[in-house]
Amino acid sequence: MFGRLNLLLIIAVLASGLVLVRSAYEARRLFTALDRAQAEGRRLEADNQRLQAERHAQATNLRVEQVARERLQMRTITPAVTQSAEDHGPDGKRGKAVLATTGGTQ
């Protein structure tokens, strides 16, 4: 009788030990996943801040002027490349327009 009881208690202790080891493993695995997710969140937040700063820098007036000069070959208007024209509309009113040309060609 005590032999059976001892065997049953040994099996119960082994089973509870296995459950304890399994739950400790699962807790470590979940903690590692949580730590990775938090690190990824911090990385994404840093990327978001960097992208916001880049977007702000791209929208500054100096940057817009630089892109207009370099990519669109635009330049500031000077009297040398500016011509005035008057418009006589059908109602007799006079209007004035300023035309900017490049290098004297229209």
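This note walks through a predicted model of a single chain, point by point.

1. Basis of the note. Residues are numbered from 1 along each chain as its sequence is written, and side-chain values use heavy atoms, with hydrogens and water left out. Because the model is predicted, local features need a pLDDT of at least 70 and side-chain atom pairs count only at pLDDT 80 or more, whereas totals for chains, interfaces and linings use all residues.

2. Confidence. The chain has an average pLDDT of 85, and 87% of its residues score at least 70; pLDDT is the predictor's confidence in each residue, on a scale from 0 to 100. Confidence is highest in helix 1, at 95, and lowest in strand 2 (residues 94-100), where the mean is 63. Where pLDDT is low, the predicted coordinates should not be read in detail.

3. Overall layout. The chain contains two helices and two strands, and from the N terminus on these elements follow the order α-α-β-β. Helices (H or I, at least four residues) and strands (E, at least two) are DSSP runs, numbered from the N terminus.

4. Of the 106 residues in the chain, 3% are buried, where buried means under 20% relative accessible area, exposed over 50%, and partly exposed in between (1.4 Å probe, protein chains only). The accessible surface of the chain comes to about 9,800 Å², and 62% of that surface belongs to carbon and sulfur atoms; accessible areas come from the Shrake-Rupley method with a 1.4 Å probe, and for residues only the protein chains shown count as cover. Among contacts between residues at least 6 apart in sequence, 9% join residues at least 24 apart, a contact being heavy atoms within 4.5 Å.

5. The structure holds five salt bridges, each defined as a side-chain nitrogen of Lys or Arg within 4 Å of a carboxyl oxygen of Asp or Glu. Side chains of opposite charge can pair when their charged atoms come close. Glu 40, Arg 43 and Asp 47 are linked in a network of such bridges: the closest N and O atoms are 2.6 Å apart between Glu 40 and Arg 43, and 2.9 Å apart between Arg 43 and Asp 47.

6. Arg 50 and Glu 54 meet through their side chains in a salt bridge with an N to O distance of 2.8 Å, and both residues lie in helix 1, four residues apart, which is about one turn of the helix. Arg 50 has a relative accessible area of 42% and is therefore partly exposed, and Glu 54, with 39%, is partly exposed as well.

7. A nonpolar surface patch. Phe 2, Leu 5, Leu 8 and Leu 9 form a nonpolar patch on the surface, with about 460 Å² of accessible area together. Patches are made of residues with over 30% relative accessible area and no salt bridge, in which like charges are joined within 9 Å and nonpolar side chains (Val, Leu, Ile, Met, Phe, Trp, Tyr) within 5 Å. Phe 2 is found in helix 1 and counts as exposed, at 66% relative accessibility.

8. Two single residues. Ser 23, in helix 1, is partly exposed with a relative accessible area of 38%, and its side chain reaches the backbone oxygen of Leu 20 at 2.9 Å.

Methods:
Polar contact = N/O pair within 3.5 Å; in protein donor to acceptor, adjacent residues only side chain to side chain.
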